Amino acid sequence: MRKNSILICLFLTTLSAYSQVDKNSNLYKTILSKDSLLFNIGFNTCNISQFENLLSEKFEFFHDKDSISYKKEFLYNLRNGLCKSPTTYQSRRELVSESTEIYPLYKSKVLYGAIQTGNHKFFETIAGNKETFASSARFTHVWLLENEIWKLTKSLSYNHQDNDIANYQSSFFDNETEIEKWLIENKVPTLGIGVIKDGKLQQVKVFGEIKKGISAPYNTIFNVASLTKPITAMVTLKLVSLGKWNLDEPIYKYWTDPDVSKDKNCKILTTRHILSHQTGFTNWRGNNKDGKLHFEFEPGTKYQYSGEGFEYLRKALEAKFHKSLNELASELIFKPLQMTDTKYFWDDKTDSSRFAIGYDEKGVAYETEKNKIANGADNLLTTVEDYGNFLVSIIRREGLTEKVFGDMVSHQVATKKDKYFGLGFELYDFGEGEYAISHGGADKGCQTIVFVLPKTKQGLIIFTNVDDGYKVYEKLLTHYLGEYGNKIIDIETK
């Protein structure tokens, strides 16, 4: 067995000697098509002929739980094991596409094979019952050209886990050097990641530089743009839970913007409209030709994202409670959760040496705008750890009644297929009661996004300080949220 262990290690370590091919290359597409034939057509439907055609006569299979088998033995076990009775037991393999890497093998500059590595998951259907998750694992395949025909020569299946998340803890995301290299390649100066698991903030990582030549610390301060809105929303929903504010009471009773004071719609506008982006306002009044606020439709009749709505709410809250929004947030959220680095504005206590300045796509730094007053929709300053603790408090429903939490995660208005706005958060509907709540932020030199799965008590925070930081989202989503990450991507790309 020691000899076989050494052989497996050699296969894995030799990958570093080759450069993986681009996903648009012919080799990548060819190997993926063979993978699909082998598993989607062969394994998933118990079509044994696909294995007979694709496996080399020299095929060797190494499994970390079932030892070694060769082609004849492997096919026999498949026929008389997993595929013995598909009506009573059916196994399905699913490739984690984002994990796939292909490395070419050359001899004298002539291609003779390829190494495929990645993660895959297995699901099972027993006696016609609902399909359930079975296990996850990593794999390495060696494909060789035999008489110019691609054949699978060696297959290694290892690191089997009985939970979905373990499958995504690939070595790449545990290798800080590789991540730093990845960020440089994507021109992302600073990346902050927070991972929530089992209802706890279990991991905080910050990579890159906050300024040229200065490494980003664990407690880097980010401007998170529109991730300000969930904080304002939660302040409001906690006040509702305390019986001090009403979701459906017209806002004009506390404050009316002078620009719309003569419009009948100001008597209709409620907090529910604001938190679900059904106010009738544009995003910012400055976008209007006259620079003034207008109702473009009756509140509550359709969706239109609006930062102005949250500013309207801020002014109403401040008028009723005679406190600034930052004071209300401090009392209800920041102090109870010990979010000591979180504020709506800059002041003399803000540690600018820890601030991640923003960059454009070409790597040119923006001048930092240090706002001195709170904005209900924008410019919150925070850290990954602080915001992660805030999201954990939502998973725990701290300070929210059952009814208010239910309203928050209900479908207030549809924004696209399987995507809605609740109260303060967007909702991804996965079906069968499964869902995620989310919000993003985008300003000059800022791209941020968060996801929370209340039922599984998972979450992910992604902070970047560059205009196109969103380009790293997909890989992080599939890595940390697994199948749920794929479902989110599917909804976004429909």
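Me: Where does Lys343 lie?
Reply: In this predicted model, Lys343 lies in the loop between helix α9 (325-334) and strand β11 (381-382), where helices (H or I, at least four residues) and strands (E, at least two) are DSSP runs numbered from the N terminus. Residues are numbered from 1 along each chain as its sequence is written, local features need pLDDT of at least 70, and side-chain atom pairs count only at pLDDT 80 or more.

Me: And is Lys343 buried or exposed?
Reply: Lys343 is buried, because its relative accessible area is 18%, and buried means under 20%, exposed over 50% and partly exposed in between, using a 1.4 Å probe and protein chains only.

Me: Which residues does Lys343 touch, leaving out those up to four places away in sequence?
Reply: Lys343 touches Asn326, Phe334, Lys349, Thr350, Leu380 and Leu381, a contact being heavy atoms within 4.5 Å. Leu381 is 38 residues from Lys343 in sequence, yet their C-alpha atoms are 5.3 Å apart in space.

Me: Switching topic, what about Thr232, buried or exposed?
Reply: Thr232, which sits in helix α6 (residues 228-241), counts as buried because its relative accessibility is 0%.

Me: What lies 2.7 Å from a polar atom of its side chain, the side chain of Thr232?
Reply: That is the backbone oxygen of Gly376, and Gly376 is also among the residues that Thr232 touches beyond four places in sequence, together with Phe310, Leu313, Leu325 and Tyr344. Side-chain values use heavy atoms, with hydrogens and water left out.

Me: Where does pLDDT stay under 50?
Reply: It stays under 50 over residues 1-18 and over residues 165-170, pLDDT being the predictor's confidence in each residue, from 0 to 100, while the protein averages 91.

Definitions and conventions
A polar contact is a pair of N or O atoms within 3.5 Å; within protein, one must be able to donate a hydrogen and the other to accept it, and residues adjacent in sequence count only if both atoms are side-chain atoms.
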